[in-house]
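User: I've got a structure open and want to get my bearings. Can you walk me through a few parts?

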Amino acid sequence: MNWKRTLGLVALSSTLVLAACGDSSEEAAATEDTVTIGVTQIVEHPSLNAAFEGFQKAIEDAGIEAEYQIENAQNDTSANTTIATNLVSSGVDLIFANSTPSAQAVASATSEIPIVFTSVTDAVSAELVASMEEPGGNVTGTVDTQPEAIPNTIEFLKNELQAKSIGMVFNSGEQNSRAQVDVVKAEAEKLGITVEEASVATSAEVKQAAESLIGKVDAFYIITDNTVVSALESVLSVATDNELPVMVGEFDSVARGGLGAFGFDYFEIGYEAGEMAVKILNGEATPAELPVQYPQNVKFVVNGTVAEQLGIEVKDEWNAELAE
């Protein structure tokens with residue numbers, strides 16, 4: 001199927017209302033030059049927001065005039081499904097799915113409209129694509145995991161923080177999270193570290209889950225779980241009260257009070273997803289022809305203020321970038 005822009009067929013109602021004095025030919029040209037992009041995001045939090053900003057910037061940099069139909073499920077499964085159905089029914093030109101649940105919902109709702117995702121951890125296990133190299137179908141995008149990030153974090157916890165047991169609070173209902181926890185447990189077992197789990201279904205449960213791990217763990221490791229990251233301050237509060245370090249999965253969580261992260265900028269993976277969308281909208285490629293991409297720029301970032309509060313020396317050999 002050719003995913004060239006469907007011009008002039010769908011536009012948001014706001015684009016249809018122009019000044020009465022406008023020329024009708026100009027109105028037609030403006031409509032034909034505009035594409036409509038549906039946006040579905042599972043919950044509000046800084047990393048996902050940054051990814052969307054990056055996506056928009058790539059579209060803007062390519063000179064594409066776009067109207068966005070933006071929907072946020074606020075971590076509600078039913079709303080997530082309804083959003084997917086509504087976006088497909090509205091006939092948007094392309095869908096940007098910002099999270100694993102968001103991408104799964106829209107992929108189930110359409111095999112015709114092109115879908116570009118980001119903030120997805122394991123696109124193959126989530127059954128979004130056939131393989132990373134050859135996605136197949138109408139879905140492709142960028143993932144928010146890098147193969148060395150979790151092993152590096154576990155090694156840091158073991159060798160630099162002398163952690164023997166780490167606590168993980170996560171939503172077991174998120175395929176994205178379950179996949180990461182399984183990797184963490186496998187890597188921790190290699191180094192003789194125990195992993196204590198506390199599962200939640202909503203952000204309101206996060207603090208109590210974190211408290212349930214006190215006395216059992218030497219540190220927390222908060223992965224890129226949408227439910228928990230949206231309520232990260234609850235974990236940080238518990239950790240601070242008990243003088244425990246919190247390693248996290250992305251830089252926004254470091255800025256919010258996590259000790260450190262081996263990660264990447266969500267703006268960048270959003271931008272890379274936007275570049276893929278540009279190729280699709282311009283008819284240069286189909287989703288099936290665009291391999292799923294890993295984050296390109298991975299680094300280690302440490303919150304210097306938090307390290308000082310915990311009495312942890314930031315060593316030169318860490319090659320860490322400091323965030324205050």
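Predicted model: local features only at pLDDT ≥ 70, side-chain atom pairs only at ≥ 80, totals over all residues.

User: OK, helix 4. How many residues does helix 4 have?

Analyst: Helix 4 has 13 residues. From first C-alpha to last, helix 4 reaches 19 Å, close to the 18 Å expected.

User: Which residues of helix 4 are buried?

Analyst: Asn80, Ile83, Ala84 and Leu87. They sit on the same side of helix 4, because they cover an arc of only 100 degrees around the axis. Ser78 and Ser89, on the other side, are exposed.

User: What do the buried residues of helix 4 pack against?

Analyst: Strand 1, strand 2, strand 3 and helix 5.

User: Back to Asn80. Why does Asn80 count as buried?

Analyst: Its relative accessibility is 6%, and buried means under 20%.

User: Which backbone oxygen lies 3.0 Å from a polar atom of the Asn80 side chain?

Analyst: That of Pro101. Asn80 also touches residues including Thr40, Ile42 and Ser102.

User: And what happens at the start of helix 4?

Analyst: A side-chain oxygen of Asp76 comes within 3.0 Å of the backbone nitrogen of Ser78. Just after helix 4, Gly91 has a positive phi of about 70 degrees.

User: New topic. How many residues are in the largest nonpolar core?

Analyst: 27 residues. Among those with the most contacts inside this core are Ile154, Leu157 and Tyr221. Helix 6 gives the largest share, 5 residues.

User: What is Leu157 in contact with, leaving aside neighbours within four places in sequence?

Analyst: Gln162, Ala163, Ile166, Ala219, Tyr221 and Met247.

Terms used
Residues numbered from 1 in each chain as written. Heavy atoms only, no water. Core = buried A, V, L, I, M, F, W, Y, C linked by side-chain atoms within 4.5 Å. Buried < 20%, exposed > 50% of the residue type's maximum accessible area, 1.4 Å probe, protein only. Helix = DSSP H or I, 4+ residues; strand = E, 2+ residues; numbered from the N terminus. Contact = heavy atoms within 4.5 Å. Polar contact = N/O pair within 3.5 Å; in protein donor to acceptor, adjacent residues only side chain to side chain. Expected span 1.5 Å × (residues − 1). Arc of directions from axis to C-beta.
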